[in-house]
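Please examine the sequence and the model before working through the solutions.

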Amino acid sequence: MVVALQANYLEVELDPPDQHVRLLCTRRTRLNHRGAAVHVGDRVGVEAIDLQQGRAVVSDVEPRSSWLTRPPVANVTAVVVALAVDQPSFDPDQASRFLLTAEQTGLQVQLLLTKCDLLPLEQRQALVQRLEGWGYAPLAISSATGEGLQELRQLLQGQALSVLCGPSGVGKSSLLNGLLPELSLRVGAVSGRLQKGRHTTRHVELHALGPGARVADTPGFNRPDLPKELHNLEVLFPELRAQLEPHPCRFRDCLHRDEPGCGVSRDWERYGIYRRAVEELLELSRPSRGG
Ligand SMILES: Nc1nc2c(ncn2[C@@H]2O[C@H](COP(=O)(O)OP(=O)(O)OP(=O)(O)O)[C@@H](O)[C@H]2O)c(=O)[nH]1
Ligand SMILES: [Mg+2]
Ligand SMILES: [Zn+2]
């Protein structure tokens, strides 16, 4: 499996992951010619293996079972979205953009609330309840106190490849350092009035968490794009999904805005976010005038 990309090299790890056999690989030129981009998470065939030098050549890429666009990782089995309770402060629009991106994979999405040591218990419980209203079961965690780390470990060990994503500075790399102290990944203090992260992690890299489990640390970014497809937007909101499953809307292709007879409730916190996403996608799909 490709565990990291460098300018002209691929770092490939042999299975099983906990054997830690890493090879620095070039790729056969015909792979380049086919235009086949190789990404972290891809399973590849290697040849000309030199175990002494830790070198090999990638000759083939296997088809992907799933694909996360941003951060780009292939063959993901679960997406873990990390959001801080503070520093940087919780932003519902940003949080939703991360969650919508994660939901687009169709995979299991786990929400982490990081830096829980920074928020008094009552406020933290209120935030947890709020996110339950979004249809998630957030795991409260803190690298500072170690709270929640064992639960996170269990969760990740049950997945062949999970991706840890979220805004810069929420403590993704710190969590992996907590789980795997021998890693000592670089972490960077948040700064400025807005307590923003500093984009400390620059590349996606996979780390072994046990015999059949890997986790990707990824560079944080601040504002993921909204989904591009209007027709399946509703399934990306778990709380709307839960409403529609027992009582499907009676109109096909309904956008659940103000259509007369649409039975979908507007009484949920993220309805405004859903609604704005719909308007934005409609605007984009409108043929531009005066061309
Ligand atoms: N109070 C507190 N601070 C934390 C915790 N976890 C991480 N931090 C701090 O938050 C800052 C950012 O941590 P990182 O682990 O670098 O964050 P990141 O999500 O990997 O950031 P990028 O690599 O930029 O995406 C560092 O100063 C950490 O020491 C926590 O649980 N509690
Ligand atoms: Mg990091
Ligand atoms: Zn409807």
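**Exercise 1.** How far is an oxygen atom of ligand 1 from an N or O atom in the side chain of Thr-201?

*Solution.* This is a predicted model, in which local features need pLDDT of at least 70, side-chain atom pairs count only at pLDDT 80 or more, and totals for chains, interfaces and linings use all residues. Residues are numbered from 1 along each chain as its sequence is written, chains are lettered from A and ligands numbered from 1 in the order in which they are written, and side-chain values use heavy atoms, leaving out hydrogens and water.

Step 1. The Thr-201 separation is 2.8 Å.

Step 2. A polar side-chain atom of Asp-117 lies 2.8 Å from a nitrogen atom of ligand 1, while a backbone N or O atom of His-199 is 3.3 Å from an oxygen atom of the ligand.

**Exercise 2.** Which residues are the protein donors of the zinc ion (ligand 3)?

*Solution.* Step 1. Cys-249 (SG), Cys-254 (SG), His-256 (ND1) and Cys-262 (SG) lie 2.2 to 2.4 Å from the zinc ion (donors are N, O and S atoms within 2.8 Å of the metal, or 3.2 Å for Na, K and Ca).

Step 1. The sequence spacing of these donor residues is C-x4-C-x1-H-x5-C.

Methods. A polar contact is a pair of N or O atoms within 3.5 Å; within protein, one must be able to donate a hydrogen and the other to accept it, and residues adjacent in sequence count only if both atoms are side-chain atoms.
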